[in-house]
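Keep the picture open beside you as you read.

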Amino acid sequence: MTAQRTPAIQVRGLEKSYKELRVLRGVDFEVARGSVFALLGSNGAGKTTAVRILSTLLRADAGTARVNGFDVATQAANVRESISLTGQFAAVDEILTGRENLMLVARLRHLKNPGEVADDLLERFSLTEAATRRASTYSGGMRRRLDIAMSLIGDPPIIFLDEPTTGLDPQARIEVWQAVRDLTARGTTVLLTTQYLEEAEQLADRIAILHQGRIIVDGTLADLKRLLPPAKVEYVEKQPTLEEIFLTLVGADRTNGHDHNVRTNT
Ligand SMILES: Nc1ncnc2c1ncn2[C@@H]1O[C@H](COP(=O)(O)OP(=O)(O)OP(=O)(O)O)[C@@H](O)[C@H]1O
Ligand SMILES: [Mg+2]
């Protein structure tokens, strides 16, 4: 088995183009085991492309990526056993109940006790009351929770959540955040992509910004906050929000294709 001390995810010099469009131009980052890593970026920055490479759905043109110690290009089967991927559109079957959806996946994964597995997950995701209702009657937040619950069957050590709360209302978003926190409490490594800067602030141990094909900053929220001096008003010291940091770093140089590497200036 893989040494538990290696990072959950290691990405080095990852490149990917679609014809002339150079989406990833040398992406590097690491995700520590048991942590939550948020990949931020504007529309089209290449977040989904990176997640698809890490989950073996797409091949990189250059560079390497290891997930759970396995190389995504040469050990794809091992990588797939180590991960689950929850995409933006729920993989829930509307005609089935929540419990049936979960049991279906548990059977597909050849688990011996699908009913027990389903009931445990329904409980964890606060879906016990709705367990016997068709998923078509669920709210967006419930559906998303069910979707994440389905992806946890078989206990993968690493989970990818591609924009887990896009389109959800604030209450449903908070429910999904709680589900993610519960995951990390159990030691699962989470890589999530998001457009919501507050989501990264709430959940992530480490935040990276993908911009024009590269990671332009990578650090803890505290690291990122140190990139901008706190604005001082007479008596109040105001810390910059992640949103302000993001817009300063990304918004300012939309048209300029060079030199985006920013280091934390501690
Ligand atoms: N199969 C494809 N063929 C051609 N171009 C593609 C393909 N998939 C993605 N792209 C392009 O690559 C760029 C990056 O797309 P990607 O989906 O990775 O971005 P993203 O950061 O996930 O964006 P969003 O926030 O909108 O989900 C975009 O310009 C997109 O149009
Ligand atoms: Mg995307």
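Among contacts between residues at least 6 apart in sequence, 66% join residues at least 24 apart in this protein. Keep in mind that you are looking at a predicted model. The protein has 266 residues, and buried ones make up 40% of them. As you trace the chain, you can look for 9 helices and 12 strands.

Now let's pick out one sheet. Strands of a sheet pair through backbone hydrogen bonds, and the pairing can be parallel or antiparallel. Here, 4 strands form an open sheet with antiparallel pairing, in the order S2-S1-S4-S5. At its edges you will find strand S2 (21-31) and strand S5 (70-71), each pairing on one side only. Further in, strand S1 (residues 9-18) runs antiparallel to strand S4 (residues 62-67), and 5 bridges link the pair. To see the two strands side by side, find Arg-12, which stands opposite Thr-64 in S4. Helix H1 (residues 47-54) packs on this sheet and touches S1, S2 and S4. The direction of H1 makes about 120° with that of S1.

Helix H1 also leads us to ligand 1. Which residues are around ligand 1? They are Tyr-18, Leu-21, Val-23, Gly-41, Asn-43, Gly-44, Ala-45, Gly-46, Lys-47, Thr-48, Thr-49 and Gln-195. The largest share, 3 residues, comes from H1. Sorted by class, the shell has 7 polar, 4 nonpolar and 1 charged residues.

Definitions and conventions
Residues numbered from 1 in each chain as written. Chains lettered and ligands numbered in written order. Predicted model: local features only at pLDDT ≥ 70, side-chain atom pairs only at ≥ 80, totals over all residues. Pairing = 2+ DSSP bridges. Contact = placed C-beta atoms within 7 Å. Axes fitted to C-alpha atoms, helices over the stretch in contact; angles between N-to-C directions. Buried ≥ 20, exposed ≤ 12 C-beta atoms within 10 Å, placed from the backbone. Near = placed C-beta within 6 Å. Nonpolar A, V, L, I, M, F, W, Y, C, P; charged D, E, K, R; others polar.
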